[in-house]
Amino acid sequence: MNVEILIAGVCTLGVWSYLYKMNPVFRVFESIFIATAMGTSFAFALNYVITNAWYPLSKGNMIGLIPLLLGAMCFFTFVKKYRYLYRIPIAFCVGIGTALGMRGAIQVNLFDQIRATITPIIVSDPLNTFNNIIILFGFISVLTYFIFTIRQRTTSKTIMTLSNLGRYFMMAGFGCEVGQGFLTRMAYFNGRLQLLERTDAIYLIPIAIAIVIADFTLVRQRRGKASQDRA
Amino acid sequence: MSFIKRDLPVVISFILGIIVITQYFWIDPTLTITSTTIQGWAVVIWAFMMSIGVINIFIRETRSIISKKAGQWYYSIIIVVFLSCMILTGIIGTTNNPIYLYLFNNFNIPINQAVASLLAFFTISAAFRAFKARSLEVLVLLFSACVVLLGNVPIGSTISWTIPWTRDWILNVPNLAYSRGINAGAALGILGLGIRTLLGYQRSAYGMGAEE
Amino acid sequence: MTEKSIFSKLDNIDRRILWLIFIAFCSIPVFYPLGLPITVTKPTLDLVNAIKALPDGSKIFFEDDYTPLGHQEVTPECIAIVRLLISKKMYIVFASFYTPEAALWPPYIFNVALSKEVEAANYKYGVNYAFLGFIPGGDTSVSAFCLKIRQVANVDYYGTPLDQLPIMNNFEKIQDFNFCVTSGSTGLAGMLSQMQAPYKMPMVILCMGNDYSNMVRYYQAGAIKGLTSGLRGAAEIEMALNTPGEGMSSMDIVQGGFLLLVTFIIIGNISYFVAKYRSKPLQEGNKR
């Protein structure tokens with residue numbers, strides 16, 4: 001009997017108890033999850049500061065002190081009087097992050113996509129030509145849907161029609177996301193099901209079922225007794 | 001003082017943003033070194049920022065324990081105990097500490113995946129009760145969802161060869177058009193928002209309210 | 001009258017009954033696997049061929065950025081690809097920029113999942129492969145990493161200075177790598193915008209199922225050489241490389257859930273339309 005497998009099985013069944021009803025067991029595992037997830041990111045972040053950020057200072061490069069001081073300024077968020085000082089390290093990250101986001105988004109999401117949409121449209125294969133025309137049409141109609149600077153309904157019937165057709169392309173896209181998204185959710189479920197049914201954790205299932213039946217019976221008894229008292 | 005509170009963050013953000021954008025277009029060794037250095041500093045600041053949220057939770061849960069907040073304080077004890085264990089073991093011996101790895105592998109991973117697997121259950125019940133084709137648009141959505149679902153699994157091609165073919169067509173034609181259109185629009189939005197942020201017209205990113 | 005009450009009962013069915021049906025239906029393949037064949041799609045085939053076309057001994061940057069949620073889907077894909085990379089004696093450097101927990105997957109892949117292959121190929125840590133761990137900062141850290149690796153990473157995952165790892169003597173910036181494999185969910189767009197676009201880095205993506213429909217546009221635009229997603233992607237890679245693993249064995253359970261979902265959508269819509277039809281007021285001649 002592998003203890004780790006049993007712990008994983010207990011954790012899984014404890015979380016799945018939410019499907020029966022909200023209960024303290026689920027809350028316990030939810031709390032453990034929050035704590036371990038937060039603890040993981042904190043440990044990694046702190047390790048990075050200790051190992052990588054401290055490294056230039058350990059080599060005698062005093063310029064490495066600047067990012068450490070800027071980072072330490074983040075903690076002014078907890079000091080009410082000097083809270084405004086934490087905006088300086090944030091401004092650092094916002095400025096650089098905004099610039100990186102802008103230059104990346106324009107290249108990858110705009111120019112490359114427009115280029116791929118319009119070149120080439122007419123190809124030797126008639127089916128691919130038809131597909132390319134639909135893609136171009138769909139691209140323009142979806143973009144038209146998001147024009148909010150004019151009142152589409154009153155400005156032009158063409159724009160309105162194009163925008164409505166764009167909605168159908170968006171619905172097709174949403175359908176794909178639903179289909180692909182369920183693949184991800186089934187992967188999560190698949191892992192837990194295989195743990196419960198293909199390993200030693202299978203012995204926990206009858207115990208869980210017995211607990212659920214016992215609770216169900218107790219609840220019904222209490223309801224029966226309460227209705228008798230009322231009568 | 002008003003300059004440090006209100007304008008200095010915008011000035012810093014603008015200067016650094018211009019350096020990073022210019023470095024992308026103009027190949028200059030000094031500019032590249034400056035851009036590389038400030039980006040390296042931003043990475044260290046990010047590491048500090050990751051800890052702020054955790055410290056916030058720690059303070060809030062400790063307060064909940066001390067004040068014995070009804071219905072919550074016992075769960076707060078669990079959070080504080082596990083959080084402390086993860087942080088202490090993660091620092092002593094770094095993240096290779098066997099206790100840290102044990103807690104992560106045997107608690108975080110199974111609970112994380114079990115919580116996510118609840119989504120599969122909710123999707124199944126939603127499929128029965130909520131996925132109703134009330135209009136033509138929803139019918140298009142449901143049709144493409146069903147085709148993509150069946151096309152993703154081996155039994156789809158066993159039922160008919162048209163299912164995986166239609167799935168590929170839907171993913172590579174209408175979905176592609178939608179995806180390109182949405183993200184091109186998003187890119188234009190990022191450009192607009194980025195310019196507003198760097199020029200100081202949008203200050204919410206710096207934690208300033210509307211009145212500032 | 002009887003039909004109406006059945007459909008209205010179906011409409012108001014307790015969802016716990018639906019969930020029990022779901023668990024029971026998906027449990028059947030666990031004990032009686034179907035083992036239906038999977039067709040390998042073009043994006044996956046292009047991914048595998050792109051890696052196979054690389055000369056032996058190429059330098060690969062492997063970015064893994066997925067949480068424990070993605071572990072179920074993406075790790076089988078990564079295991080299949082890393083097995084191929086080891087067979088071609090590639091030099092591999094791992095790092096993650098968006099997800100702290102992702103730093104734990106490469107040691108798992110090498111020391112647990114592929115320990116036999118690593119030993120058989122005589123792969124040595126620090127010589128043939130290295131783990132740089134988690135570098136916080138998202139897009140910022142990717143961009144800084146590409147410009148100068150040692151600006152953001154001075155020690156590896158185990159705390160060893162990079163100067164003490166022979167493999168890292170070959171790498172100063174991203175252009176020193178020949179190829180990039182990006183896996184996960186969080187950082188895909190960032191990797192494309194900060195690594196692929198500015199430096200024209202040849203790249204393939206192993207993503208989660210729900211990211212596939214978004215990533216298709218980059219594959220179609222030629223920004224990435226290959227794309228695969230989720231458990232199906234893992235199954236396709238295993239099929240293409242003829243190395244059966246967790247991906248192929250999981251497809252039976254996955255397809256059970258998919259079939260049930262489609263069935264529920266159809267039944268739910270039938271009951272909705274019948275109930276809607278029956279609720280219309282009667283016209284002359286007792287017709288609706």
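Tutor: The largest pocket of this predicted model has a volume of about 1100 Å³. Its lining consists of 33 residues, and those nearest the centre are L13(A), W16(A), A208(A), I209(A) and V212(A). The greatest contribution to the pocket lining is that of α9(A), with ten residues. Sorted by class, the lining of the largest pocket has 25 nonpolar residues, three polar ones and five charged ones.

The structure holds three cavities of 30 Å³ or more. In the largest cavity there is about 180 Å³ of space. This cavity is lined by 15 residues, with N47(A), Y48(A), T51(A), D156(C) and Y157(C) lying nearest its centre. Two elements give two or more residues to the lining of the largest cavity, α2 of chain A and β3 (129-134) of chain C. The largest share, five residues, is supplied by α2(A). By class, this lining divides into seven nonpolar residues, seven polar residues and one charged residue.

The second largest cavity has a volume of about 60 Å³. Residues of chains A, B and C line it, including Q180(A), L183(A), N152(B), R167(B), T41(C) and Y212(C). The elements giving two or more residues to this lining are α8 of chain A, together with β6 (226-229) and α11 (230-241) of chain C. Of these, α11(C) gives the most, with three residues. The lining of the second largest cavity comprises two nonpolar, seven polar and three charged residues.

The interfaces between the chains complete the picture. Between chain A and chain B, 102 residues of chain A are in contact with 107 residues of chain B. The area buried between these two chains is about 9800 Å², and carbon and sulfur atoms give 79% of it. F42(A), R87(A) and R103(A) supply 7% of the area that chain A buries against chain B, more than any other three residues. One salt bridge is found across this interface: it joins E137(B) to R167(A), whose closest N and O atoms are 3.1 Å apart. On the side of chain A that touches chain B, α2(A) gives the most, with 25 residues. That side has 72 nonpolar, 22 polar and eight charged residues.

Between chain B and chain C, 53 residues of chain B are in contact with 59 residues of chain C. The buried area is about 5200 Å², with 70% coming from carbon and sulfur atoms. I124(B), F128(B) and P154(B) supply 14% of the area that chain B buries against chain C, more than any other three residues. The count of salt bridges between chain B and chain C is zero, while 15 residue pairs are in polar contact across this interface. On the side of chain B that touches chain C, α4(B) provides the largest share, 16 residues. That side has 27 nonpolar, 21 polar and five charged residues.

Terms used: Residues are numbered from 1 along each chain as its sequence is written. Chains are lettered from A and ligands numbered from 1 in the order in which they are written. This is a predicted model: local features need pLDDT of at least 70, side-chain atom pairs count only at pLDDT 80 or more; totals for chains, interfaces and linings use all residues. Side-chain values use heavy atoms; hydrogens and water are left out. Contact means heavy atoms within 4.5 Å. Buried area is the accessible area (1.4 Å probe) that two parts lose on being put together, summed over both. A salt bridge is a side-chain nitrogen of Lys or Arg within 4 Å of a carboxyl oxygen of Asp or Glu. A polar contact is a pair of N or O atoms within 3.5 Å; within protein, one must be able to donate a hydrogen and the other to accept it, and residues adjacent in sequence count only if both atoms are side-chain atoms. Helices (H or I, at least four residues) and strands (E, at least two) are DSSP runs, numbered from the N terminus. Ala, Val, Leu, Ile, Met, Phe, Trp, Tyr, Cys and Pro count as nonpolar, Asp, Glu, Lys and Arg as charged, and the others, Gly among them, as polar. On a 1 Å grid over the protein atoms alone, a cavity is a set of points where a 1.4 Å probe fits but cannot get out, and a pocket is an open set with protein on both sides within 12 Å along at least five of seven lines; lining residues have an atom within 4 Å of a point. Grid points are joined across faces, edges and corners, and a volume is the space filled by probe spheres set on the points.
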